[in-house]
Amino acid sequence: MMAMGSAIGVGLLLGSAVTIRLAGPGVIVTYIFGALIAMVMGAALAEMAVVHPVAGSFGVFADEYLSPWSGFAVRATYAFVQILAIGAEVTAVAIYFAFWFPGVPSWCFVVAMAAVLAAINTAHVGVFGELEYWFASIKVAAILAFIAAGLSVVAGAGGRPAVGVRHLVGDPGGFLPNGWRGVWLALTLVITSYMGVEAIAVTAGEAQDPERSIPLAMRTMVLRLILFYVLAIAVMLMMTPWRQLAEGGGTVTGSPFVRAFAAIGIPSAAGAMNIVVISAAMSSANSNLYMTARMLLSLARSGYAPRRLGVVTDAGVPLAAVATASTGVGAAILLAIFAPANAFLALYGTAVAGMLFIWIVILLTYLRFRAALTRDELARLPIRMPAHRAAAWFGIVSLAAISATTFFVDGLQYSVVFFLPFLALISVAYARTPREARV
């Protein structure tokens, strides 16, 4: 449920406004292709997490199977990216609240959201897990309800005229108004909708029975993500002409899911959906803050960050790491004050290249992990990816191609440009900082 909560967030509920503009109804194909990459990533992480159920997850895996630099770089990058993602999530909440309170400054909602997150993440980890379970459950139930309500509109239930599939193929440009190029360009943001599956590996260090729970969680979670994403997007595009859902230019002003209900005129449905997307953003920010704090804790305990970040309270909470992870909220507040129209894409876009780098490193680590297993160790794995070499290289090549494509997407064209100096900076820091003894 934590991985579901992390993955089903603003990438789908808000960022899909941009992907629909890029691909039109063809974005359905984009989500299917993204799902294939997510399936490979999920299976690779599940295999490694079962053998190494540790808090640092794929950062520790990279340290052991690739190089110490890789282990440091992937953890530092993940912490940086998730800090930005937390800022993007709370920015999304401000955008959603503008649906009801357009005259209230967005930073007010960002500050309120920050207070809620701080309260949850400084409580006992069991409290966090219980709250996140219910957050994610509400989100999943709401998406299922959206799909059911949308299908009733498409089928013409309740005496309304049936919409059918005419909006998918009958509007100007048909199913592929921007061609296959648009389908591919949309993948740069669609793939981020699936980024969150790594939460299962991150939480493995605190799972009670990782050999049983991780494979089960990964299988069901990936399948559910595919079902929810593809069905939800398809239903939304059948309900409403895609041009009414798409955002223009470099700003994001609301969720296309809310806009879909508003466009067809169902009383109170748009407001109810807005409540759902707000809770979804809170859930994702909550998960991201948890994962960032644990990654910082892992860096500290490996001697790559100040020791205080590796200290936990009697309740099991790394307070210093949580405080450091919350700095993304500060960036969100500043952007909400000085650049509210571009705040979401500024934060979200900057994080894209970092996540692509992390996923590539994870798959390279997985190839080395598989090569290091003995025949007996391989036989004991409770989950094994078929054709693992071909699948892993499919993922690596696809992710590298997506990285190159970001240069051609508005809002993402500087993602790689900004990330490369960051990678160089942390590499210099790694080379100049002596590694301390493990805590």
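How much space lies in the second largest pocket? About 300 Å³. A pocket here is an open set of points on a 1 Å grid over the protein atoms alone, where a 1.4 Å probe fits, with protein on both sides within 12 Å along at least five of seven lines. The volume is the space filled by probe spheres set on the points, which are joined across faces, edges and corners.

This is a predicted model, so local features need pLDDT of at least 70 and side-chain atom pairs 80 or more, while totals for chains, interfaces and linings use all residues. Residues are numbered from 1 along each chain, and side-chain values use heavy atoms, without hydrogens and water.

Helix 6 (68–97), helix 15 (269–301) and helix 21 (415–432) each give at least two lining residues, and helix 6 has the largest share, with 5. Helices are DSSP runs (H or I, at least four residues), numbered from the N terminus.

Now for a helix pair. Helix 3 (residues 16–23) packs on helix 10 (residues 179–194) at about 170°, axes 8 Å apart. That makes the two roughly antiparallel (angles over 145 degrees).

| Site | Nonpolar | Polar | Charged |
|---|---|---|---|
| Second largest pocket lining | 15 residues | 1 residue | no residues |
| Helix 3 with helix 10 | 8 residues | 2 residues | no residues |

Conventions. On a 1 Å grid over the protein atoms alone, a cavity is a set of points where a 1.4 Å probe fits but cannot get out, and a pocket is an open set with protein on both sides within 12 Å along at least five of seven lines; lining residues have an atom within 4 Å of a point. Ala, Val, Leu, Ile, Met, Phe, Trp, Tyr, Cys and Pro count as nonpolar, Asp, Glu, Lys and Arg as charged, and the others, Gly among them, as polar. Axes are lines fitted to C-alpha atoms, for helices over the stretch in contact, and angles run from 0 to 180 degrees between N-to-C directions. Angles under 35 degrees count as roughly parallel, over 145 as roughly antiparallel, 65 to 115 as roughly perpendicular and the rest as oblique.
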